[in-house]
Every structure is written in structure tokens, then in C-alpha cells.
Amino acid sequence: MKLSQFKFNLPEELIAQHPVPQRDESRMMVLNRATGEIEHRVFKEIINYFDEGDIFVFNDTRVFPARLYGYKEKTGAKIEVFLLRELNAENKLWDVLVEPARKIRIGNKLYFGDGESMVAEVIDNTTSRGRTLRFLYDGPHDEFKRELFALGQPPLPQYIVREPEEMDEERYQTIYAAKEGAVVAPAAGLHFSRELLKRLEIKGIHQDYLTVHSGLGNFREIDVEDLTKHRMDSEQMEVTQELVDRVNGIKDSGHRVCAIGTSVLRGIASAVSMGGHMKTYTGWTNKFIFPPYEFTVTDALLSNFHLPYSTMLMMVAAFGGYDLVMHAYQEAIKEKYRFGAYGDAMLVI
């Protein structure tokens, strides 16, 4: 497959800038792989497509407020710092991106908030834009994290062209988020309300979790036409024995496994064993999925509508079939579905 095969013309007004008022009342396109049929539904109707004994696998990662604004010592120049991941808790070392990168050198001090409680020193230039910061903070680690995150904003994707609002702290987060570590929200999970999860439970549809700490690699521009030459950024993930036992038992009983989001699809594919089963996995994955790809565990996929050229679109096309998914995307544009993290959903069955 070539990068250019994932180009389509997306009107800017279809990129959702805000979520719908109620999580489970966005629109949902249902795409049937066997028949090619497309249905137009409301998201809460997803329950009608699954039976007792099926399982929804969610990503329980928690997004942290990764975008900070500070200023540089002496010059007072405004600097945007995007926290990527904590490298060393004891020494308070963080892998970050900075903008504008050209103004930052090793040894520079950056000040945040009132300029006294939170100071960081640049100790390494790791990439053209990336840096390693050491935060100069004397208190205990949990107190440091609390103060650091109080200064941060939700890391909304760049295609949301507005300032973060108070509601983003809640809405750019799944209601079941538990394990801190992501800077990209698992968007398919944003549609689930507590009421819908309860209705799924009452119907006997199982719910379980794996963890994939989604990073900015999801949005990194692919700069090669030949997709076999693209390398995904690694993301930390965990698949527990409890999930493995449950999914394998469900597969063996003839019921279906639905991945809630491309991060879950990728996580399951990274933990596949023989015979259409899963195995435990703790570590990192840089698995890049694009058509053609054979999935042996996942039977259904829920995802949002993704932007042109994105790795998430490629994963959906690998699962649903390239021609069918790209046709469905043209239908979505015609029907004015909303794209992006705050947009509408697509269920591929």
C-alpha cells in the first residue's frame, strides 16, 4: 500500500471542534464487512449489534495535561512545552517537545506558573524538536506531579483549532480512564456513558481492559510513500493474564471480541498467540498495521472517523477492507459525519 492511497478531500467544517452534549448521542455509521451494507445510527444503539457473551475490550489509559506554557530565563520568551513521558521519577526527568525549538539550548532554565514553584533545566537535546528537562523541585514526587499537572492543559490534537476549555478536562478523557500515561485520548472510548456501560452489563456483554499509552506518533506525519518503510513510535502497553483468559474463553465459546478503538486493535494484534488466541504482554509496541492484514482475535472494531493519511485510518482500512472503508468515508463526508477525536463513530462488524 502507498501513502497516497489514503488521501481524500475532507472539508474543514467536518472536523469536530467540540464534543456532542451527551457522550452516547453522537452519530454512528455501521459498516458490514460481509455484505458491504452501511447503516446510519445513534451511538447508544451499538448495544443492538452484540449478544450476551460477547466482549468489548477498552483501553484504560489516562490522558495527562501535557501542554504547558512557560518562559525562558533572562529573555522572558514564551515557550510551549509538551510533556511526552516521564523518564526518571527520582530525578524528575521528562522527555518533552518545545516550541519554538530554535530558542532552547542545553543549560537554559524554563519557568512555569509564578516562576518560583516550577522551574526546569534543559539537560539534553534528544531530537530536532525534542529535549530532556530536569525539573528542579525539592518536594516529594506525588506533590511534584500534582503541581506540574495543575499547570498543564489537556493535549488536544492540533486539528482542534481553539483554546482548551474547562469541559475538555472531562470530555477529552474516557469515563473509565485509570492508568496515567497517554497524551492522545483513545477517542472511540469517549462515546461511552455510564448508563450505556450499565446497559451492556445488564445484557451480558463483557467489558475488560488493556492499556496502551497512546503517544504523538499517532499524529506524526508519514514522510514515505511506501508504507513498509514507515516506522511507528513505540508505545508502552500491558495485557494482563485476566484479560487473556477472558478473551480466549470467549473466542473458544464462539462469541465475538470487539476492539474499542485502533489502540486496542493494535494492542490485541501485538499480543496474539497461535490459534486465534491472546497471550500476556508487558512492554512496548511499535506495530504498524495497514492493509492487507489478517486479524485472528478481533471480530469487530469501533473507531472514530480519522483524517487523511493517518495511521488510524490505515488500521481501520486493514480491518474493514481498503475499498469498503474508503467508500464508507466518502459516504460519511456526503452525510456530513463529524471527524476527529470529538467526532462521530464507525462500527465495523
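I take contact to mean heavy atoms within 4.5 Å. I'm also keeping in mind that this is a predicted model.

**Entry 1: two helices**

On the H5 side I noted Thr262, Leu265 and Arg266, and facing them in H6 I found Met312, Met315, Val316 and Phe319. Sorted by class, this contact of H5 with H6 comes to five nonpolar residues, one polar and one charged.

Next I checked how the pair is laid out. H5 covers residues 262-269 and H6 covers residues 311-320; their axes come within 10 Å and cross at roughly 65 degrees. I jotted down the crossing of H5 past H6 as left-handed.

**Entry 2: the cavity**

How many cavities of 30 Å³ or more are there? I got one. The largest cavity holds about 80 Å³ of space. By class I wrote down six nonpolar, four polar and two charged residues for the lining of the largest cavity.

I then turned to the second largest pocket, with a volume of about 220 Å³. I found 14 residues lining this pocket, and Val63, Phe64, Pro65, Glu169 and Gln173 are the ones nearest its centre. Which elements give two or more residues to the lining? My list reads strand E4 (61-63), helix H1 (141-150) and helix H2 (168-171). The lining of the second largest pocket splits into eight nonpolar, two polar and four charged residues.

Key. Residues are numbered from 1 along each chain as its sequence is written. This is a predicted model: local features need pLDDT of at least 70, side-chain atom pairs count only at pLDDT 80 or more; totals for chains, interfaces and linings use all residues. Side-chain values use heavy atoms; hydrogens and water are left out. On a 1 Å grid over the protein atoms alone, a cavity is a set of points where a 1.4 Å probe fits but cannot get out, and a pocket is an open set with protein on both sides within 12 Å along at least five of seven lines; lining residues have an atom within 4 Å of a point. Grid points are joined across faces, edges and corners, and a volume is the space filled by probe spheres set on the points. Ala, Val, Leu, Ile, Met, Phe, Trp, Tyr, Cys and Pro count as nonpolar, Asp, Glu, Lys and Arg as charged, and the others, Gly among them, as polar. Helices (H or I, at least four residues) and strands (E, at least two) are DSSP runs, numbered from the N terminus. Axes are lines fitted to C-alpha atoms, for helices over the stretch in contact, and angles run from 0 to 180 degrees between N-to-C directions. A crossing is left-handed if the near helix is turned anticlockwise from the far one by less than a right angle, and right-handed if clockwise.
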